[in-house]
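Please look over the sequence and the structure before reading on.

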Amino acid sequence: MDDWIPVREFPLNQDLAELAQFIQRCRLPLRISEVNNCQLLTTLDPALHRLLPPLLDRWQAGEISLADIRVGPAANLSEVDAATEKDSGAAKRAPIAVPLPSWPLNRTPLCLVLIALCFVGWLLLRENLVQALLIFPDRGGGLGLPQSTLAWHLERGEYWRLWSPAMVHFSLPHALFNALGIWILGRPLEVRAGTLTFALLVGISAPVSNLAQYFWAPETLFGGMSGVVYALVGSVAVLRYRYPQWRDVPSGLVVLALAWLLLCASGIVTWVFGVGVANAAHIGGFICGFLLAWLYILAGGGRYFSAPQSAAAVDGKDTENR
């Protein structure tokens with residue numbers, strides 16, 4: 001094929017219209033031809049031969065749309081290619097800008113439900129309809145479990161109160177903040193790990209964080225999904241540490257979340273804004289998510305995060321009933 005370098009083969013029945021439009025719009029030295037019963041994408045530029053496969057992997061996995069990709073001047077590609085030979089990190093400065101994944105909504109049903117519950121809980125509080133969702137505080141502040149209000153709830157069979165306080169939000173910013181955390185942190189986890197595994201993380205971290213807050217300050221009324229959000233932070237921290245190439249979550253977000261946790265725990269936020277913060281729920285949720293993520297990796301689930309830019313890494317788990 002003369003100087004044309006093979007980049008990727010596609011089945012004959014695969015629609016490559018979006019790829020063809022991408023090539024035409026960005027004026028890339030690429031062509032699609034039919035060879036040996038397949039559609040073959042080739043290029044004249046060695047830099048594109050190295051830079052395109054990760055992008056195509058994410059496109060085939062449904063993580064991104066090629067219509068959202070912007071490419072710099074084609075002349076710069078040769079410069080990047082030359083720099084790559086001198087510095088293995090030069091690929092990170094490539095002119096192809098790969099955005100964070102834009103997951104289809106049907107891939108993250110549980111996250112959407114949790115986000116909706118944040119606002120439902122806030123609306124129920126406004127209507128004073130949350131008495132059946134919260135754990136009543138112990139006015140005496142004692143920790144004797146047999147005489148506690150928690151024991152009273154459980155004796156009455158109200159086991160749902162171990163989870164339901166996560167639904168109640170005391171202000172609209174409170175609900176928005178937690179909904180945003182679930183959107184940014186939860187959706188990549190749900191897509192990669194699967195909805196059932198993600199449900200297990202949420203189902204365990206919610207009562208753990210709620211109980212941590214109750215036993216830390218039993219005399220205080222509390223609510224909110226921030227304990228679950230910090231469980232997501234703990235899980236993401238482990239996964240990013242174990243698999244540095246997994247970049248579905250914005251860089252530095254874990255550090256920012258931990259800085260906020262420490263700031264709240266110091267009492268500064270309460271002193272400045274005059275609002276209570278469920279610090280024990282945050283810490284309990286973070287530790288829970290941290291430990292569960294390590295268990296998940298030990299169980300073999302890390303393979304879905306070890307090659308995040310591979311279509312097989314995502315599609316493979318769709319064929320398994322996890």
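The sections below describe the chain as a whole, then a sheet, a pair of helices and a single proline.

## Overall composition

The model is predicted. Its chain has 322 residues, of which 45% count as buried. The secondary structure amounts to 13 helices and three strands.

The accessible surface is about 16,400 Å², and carbon and sulfur atoms account for 62% of that area. When contacts between residues at least 6 apart in sequence are considered, 77% of them link residues at least 24 apart.

Strands of a sheet pair through backbone hydrogen bonds, in either a parallel or an antiparallel manner. Here, three strands form an open sheet with the order 1-3-2 and antiparallel pairing. Strand 1 (5-10) and strand 2 (30-35) are the edge strands, each pairing on one side only. On average, neighbouring strands are turned by 30° against each other, with direction ignored.

Six bridges connect strand 2 with strand 3 (residues 38-43) in the antiparallel sense. Ile 32 stands opposite Leu 41 of strand 3. Two helices pack on the sheet. Helix 1 (residues 17-26) touches strand 1, strand 2 and strand 3, and its direction makes about 145° with that of strand 2. Helix 2 (residues 46-60) likewise touches strand 1, strand 2 and strand 3; the direction of helix 2 makes about 15° with that of strand 1.

## The contact of helix 6 with helix 8

Two packed helices are described by the angle between their axes and by the distance between the axes. For helix 6 (residues 172-193) and helix 8 (residues 226-242), the axes come within 9 Å and cross at roughly 35°. This crossing is left-handed.

From helix 6, the residues in contact are Asn 178, Gly 181, Ile 182, Leu 185, Gly 186 and Leu 189. They meet Ser 226, Val 229, Leu 232, Val 233, Ser 235, Val 236 and Leu 239 of helix 8. The residues of this contact comprise eight nonpolar, five polar and no charged.

Pro 207 is found in helix 7 (residues 195-216). Is this residue buried or exposed? Pro 207 counts as buried because its relative accessible area is 11%, and buried means under 20%.

Leaving aside residues up to four places away in sequence, Pro 207 touches Leu 162, Trp 163 and Val 202. Pro 207 and Pro 165 are 42 residues apart in sequence, while the C-alpha to C-alpha distance between them is 8.9 Å.

Terms used: Residues numbered from 1 in each chain as written. Predicted model: local features only at pLDDT ≥ 70, side-chain atom pairs only at ≥ 80, totals over all residues. Heavy atoms only, no water. Axes fitted to C-alpha atoms, helices over the stretch in contact; angles between N-to-C directions. Helix = DSSP H or I, 4+ residues; strand = E, 2+ residues; numbered from the N terminus. Left-handed = near helix turned anticlockwise from the far one by under 90°. Contact = heavy atoms within 4.5 Å. Nonpolar A, V, L, I, M, F, W, Y, C, P; charged D, E, K, R; others polar. Buried < 20%, exposed > 50% of the residue type's maximum accessible area, 1.4 Å probe, protein only. Pairing = 2+ DSSP bridges. Areas by Shrake-Rupley, 256 points an atom, 1.4 Å probe, with all protein chains shown as cover.
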